[in-house]
Amino acid sequence: MSGGIDTHTHLQMPFMGACSVDDFYQGTKAALAGGTTMIMDFVIPEKGESLLEAYKKWRSWADEKVCCDYALHVAVTWLGPSVMEEMGELSANEGVNSYKMFMAYKGALQLDDTELYHAFQKCRDLGAIAMVHAENGDIIAENQKKLLAGGITGPEGHLLSRPEEVEAEAVNRAITIANQVNCPLYIVHVMSKSAADIIVQKRNDGYLVFGEPIAASLGTDGTHYFNKCWRHAAGHVLSPPLRPDPSTPGHLMDLLAADGLQVTGTDNCTFNSNQKALGKDDFTKIPNGVNGIEDRMAVIWEKGVVTGKMDPCRFVAVTSTNAAKIFNIFPQKGRIAVGSDADVIVWNPNVTRTISAQTHHQAVDFNIFEANFFFFSCVMGIYRPNATSARRQVIFWLFKLSNQCIVLMQGMECHGMPMYVIARGRIVVDEGELRVCQGSGQYVPTPPMAPYVYMTMRERERQRVPPKVEREAYEGPTGDGIHMSPRKDYMNGHQGSAKGLHEQHENGNEQHFYTRGPTQSGGRNLQDSTFSISGAQIDDNLPRRSGIRVHNPPGGKASGSFW
Ligand SMILES: NC(=O)NCCC(=O)O
Ligand SMILES: [Zn+2]
């Protein structure tokens, strides 16, 4: 098969007061061990930092260490004329065709909707792909404060502060904003059923959006945040979080098989126990990130092919070919053919392997696919592991955590692993033996205007010319005779307003009943209401009659006045 392409990694990334422990050497070595022959990492400039400088920094870190080929996405973490200019330069000269915007991490990486709009517009102009981390950062920030104030400081707070709807809302908003400027959109790390369902629904409606579930969201779930072991729970902290609904991985895999979702990455961003412990008293300080770079291919094979949800051809599409097409490096990558790079894996579906942090090639001391912990109170008696299959190789470690509790750990068993891996023609895994060479990987430029993405977009754009109505010029009176409010216009922030925002009566009293702006022509917005929660009425200031006798009201006469 074609070598895997991991679309989403964060190797040696400085983040949340720590630096991810899998660097460009260890991370790419582990990638190759698992059958991934190319990774796509993210340049994340600090607010105010030059995008070009950050890009060069990432290149210098990666070039000397990578064992496999790599490309770079660049994050847009702030906006300004220089950022726009540098995006142009990166796309024209440095082979960057994808920019990632964060809708979360308020006060740090997050962009607001106007900024997203402009960033997406720039991507569209460049023929690049806009990527988003879709979570509502404003809501998360408020939820975090509330949870901490309520005494929830552990890793479960991470999940509770970022519920599924907070991801789904942002996915919907990002797609809506991108559509205003005809920008193709790529949603990174799809973690929940509802977020994925929105992508599917929008794709069915014709929106150009791609969804990337990751090994973590396909292979495990968020029940682990409630684990009694702090390290275990914190080991699963990433954003958006894994979802506690155990049917989530299966649902995401179904969509991946049916092309509702298209590509897979890992968001590999690994932190050791001591680094995770930065948040031991406050879940908002736990460095976000999990492993996956080594196990992605095996996990997707196990949960997708072994279960019969997808065939090996679809497996190649979602682990390699679709990524190559979206990021415009097909057929150099993602294909076995004359002229393509010799990135090839020979997969043996008949061997089994149990995932474990003890045997993986990553630097990190934890593995989320080895995280089936069972807790037993000593008083409940002795645990007898009930192996479901004779072939099953199960490794158990017993830890006496306290007088009350014993923990047993069991790794995920995977059927299938690469026996041979060839990266750009070099045999790097030979009968399961890893033989990598530091610095032998190459930077792969990703040119803009991927036909797979932009062919349809350009055509749609051509057909979507706004329907301007040609009219005779308006000849009637303008403005004169209309009472203008001396106050600021709610909509435009300048003096004077269209009638309807505030009504002014002959007695000079201003009325503030309309909560919505006027229509474009200045009329009252019919969606508005004169209902006031205080019970006030629009005509409260008018002189009142004590009552109005209605002589022949509908429904019959009343004996007295009723207003
Ligand atoms: N995802 C995550 O938890 N860590 C890496 C940074 C990011 O992609 O948000
Ligand atoms: Zn990420």
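The crossing of α4 and α7 is right-handed; a crossing counts as right-handed if the near helix is turned clockwise from the far one by less than a right angle, and left-handed if anticlockwise. Helices here are DSSP runs (H or I, at least four residues), strands are runs of E of at least two, and both are numbered from the N terminus. The structure is a predicted model, in which local features need pLDDT of at least 70, side-chain atom pairs count only at pLDDT 80 or more, and totals for chains, interfaces and linings use all residues. Residues are numbered from 1 along each chain as its sequence is written, and chains are lettered from A and ligands numbered from 1 in the order in which they are written.

Helix α4 spans residues 113-126 and helix α7 residues 164-180. Their axes lie 9 Å apart, at an angle of about 50 degrees. Axes are lines fitted to C-alpha atoms, for helices over the stretch in contact, and angles run from 0 to 180 degrees between N-to-C directions. The two helices are therefore oblique to each other (under 35 degrees is roughly parallel, over 145 roughly antiparallel, 65 to 115 roughly perpendicular, the rest oblique). Asp-113, Leu-116, Tyr-117 and Phe-120 of α4 meet Ala-174, Ile-177, Ala-178 and Gln-180 of α7. Contact requires C-beta atoms, placed from the backbone, within 7 Å. This contact has 6 nonpolar, 1 polar and 1 charged residues. Ala, Val, Leu, Ile, Met, Phe, Trp, Tyr, Cys and Pro count as nonpolar, Asp, Glu, Lys and Arg as charged, and the others, Gly among them, as polar.

Helices α2 (residues 51-63) and α3 (residues 81-93) pack at about 45 degrees, with axes 9 Å apart. That angle makes α2 oblique to α3. Leu-51, Leu-52 and Tyr-55 in α2 meet Val-83, Glu-86, Met-87, Glu-89 and Leu-90 in α3. The contact comprises 6 nonpolar, no polar and 2 charged residues.

Ligand 1 is surrounded by His-10, His-133, Leu-238, Ser-239, Asp-267, Cys-269, Asn-288 and Gly-289. Each such residue has its C-beta atom, placed from the backbone, within 6 Å of the ligand. The shell has 2 nonpolar, 5 polar and 1 charged residues. Ser-239 is also joined to Pro-240 by a cis peptide bond, with omega about -15 degrees. Pro-240 is in the loop between α10 (230-234) and α11 (248-257).

Mean pLDDT (the predictor's confidence in each residue, from 0 to 100) is 86 for the protein chain. It stays under 50 over residues 373-406. The complex has an ipTM of 0.97 and a pTM of 0.82.

How values were computed:
Two residues are in contact if their C-beta atoms, placed from the backbone, lie within 7 Å.
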